[in-house]
Amino acid sequence: TVLHAEVGGRLAAHATAQTLSRDDLVRAELVALPLVFGLLLWLFHSVVAALLPVVIAGVSIEIAMLVLRGLNEVVDVSLLAMNVVTFLGVGLAVDYSLFMVLRFREELQRTNGDVDESLRRTTATSGRTVLLSGVAVAASLLGLLWFRIPLLESIAIGGTSITVVTLLVTLVFLPGLLA
């Protein structure tokens, strides 16, 4: 008979969850971003236009991860929040960027290539849509805080962080890239 011992408990579970979460994030980024880029390339028929949502996603995710790091100093945030930031960040960045880039392209045709006027019209119409959508998504995610379950609170924190960051990056940074 051979004896076998394993480490268990909260610390071991936390270490395992951290490793799995990190591996999942790497796998998601290596699979999701190229796949999303391919779909955007097919949709836009332009490398530059297809790269814009991917850039917005990357910038938003990095900033939101920094926000999570800061928030983790104040409140306990589950590792799952990082996964929420990554997956939701890609989805929101693509969604919000599609609104803006498609409208900007339409406005460029309407204004015979007047970039300033096209940006003004784009931010006045699609920008407002993105703002309202972002506020609605963030408010919905904040509703998870009512349940007082640590895992749901972390999802709320991560989801709200990436939503607000993606909203701001889309409304501030993307118009600069479009110009």
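Select R121 first: at 31% relative accessibility, R121 is partly exposed, a class that lies between buried (under 20% relative accessible area) and exposed (over 50%), with a 1.4 Å probe and protein chains only. The model is predicted; local features need pLDDT of at least 70 and side-chain atom pairs pLDDT 80 or more, while totals for chains, interfaces and linings use all residues. Residues are numbered from 1 along each chain as its sequence is written, and side-chain values use heavy atoms, without hydrogens or water.

**Around R121**

R121 forms a salt bridge with E107, with the closest N and O atoms 3.3 Å apart; the term means a side-chain nitrogen of Lys or Arg within 4 Å of a carboxyl oxygen of Asp or Glu. R121 sits in helix α4 and E107 in helix α3, so the pair ties together parts 14 residues apart in sequence. Helices here are DSSP runs (H or I, at least four residues), numbered from the N terminus. E107 is buried, at 4% relative accessible area.

E117 is partly exposed, at 22%.

**Along α3**

Select residues 80-110, helix α3. The expected span is 1.5 Å times one less than the number of residues. For the 31 residues of α3 that gives 45 Å, and the end C-alpha atoms are 45 Å apart, which agrees. Pick R103 and E106: their side chains meet in a salt bridge at 3.4 Å, N to O. They are 3 residues apart in α3, about one helical turn. Step on to N112, which follows α3 and has a positive phi near 55°.

**Into the core**

Which residues have the most contacts inside the largest nonpolar core? Select L40, L68, V85, V101, L174 and L178; the core has 34 residues. Such a core joins buried Ala, Val, Leu, Ile, Met, Phe, Trp, Tyr and Cys residues through side-chain atoms within 4.5 Å. Center on L40. Leaving aside neighbours within four places in sequence, L40 is in contact (heavy atoms within 4.5 Å) with H45, A50, P53, V54, V94 and L98.

**Zoom out**

Show everything. The protein has 5 helices and 0 strands. Its C-alpha atoms fill a box of roughly 80 × 35 × 20 Å along the principal axes. Of the 179 residues, 36% count as buried.

Technical notes
Helix = DSSP H or I, 4+ residues; strand = E, 2+ residues; numbered from the N terminus.
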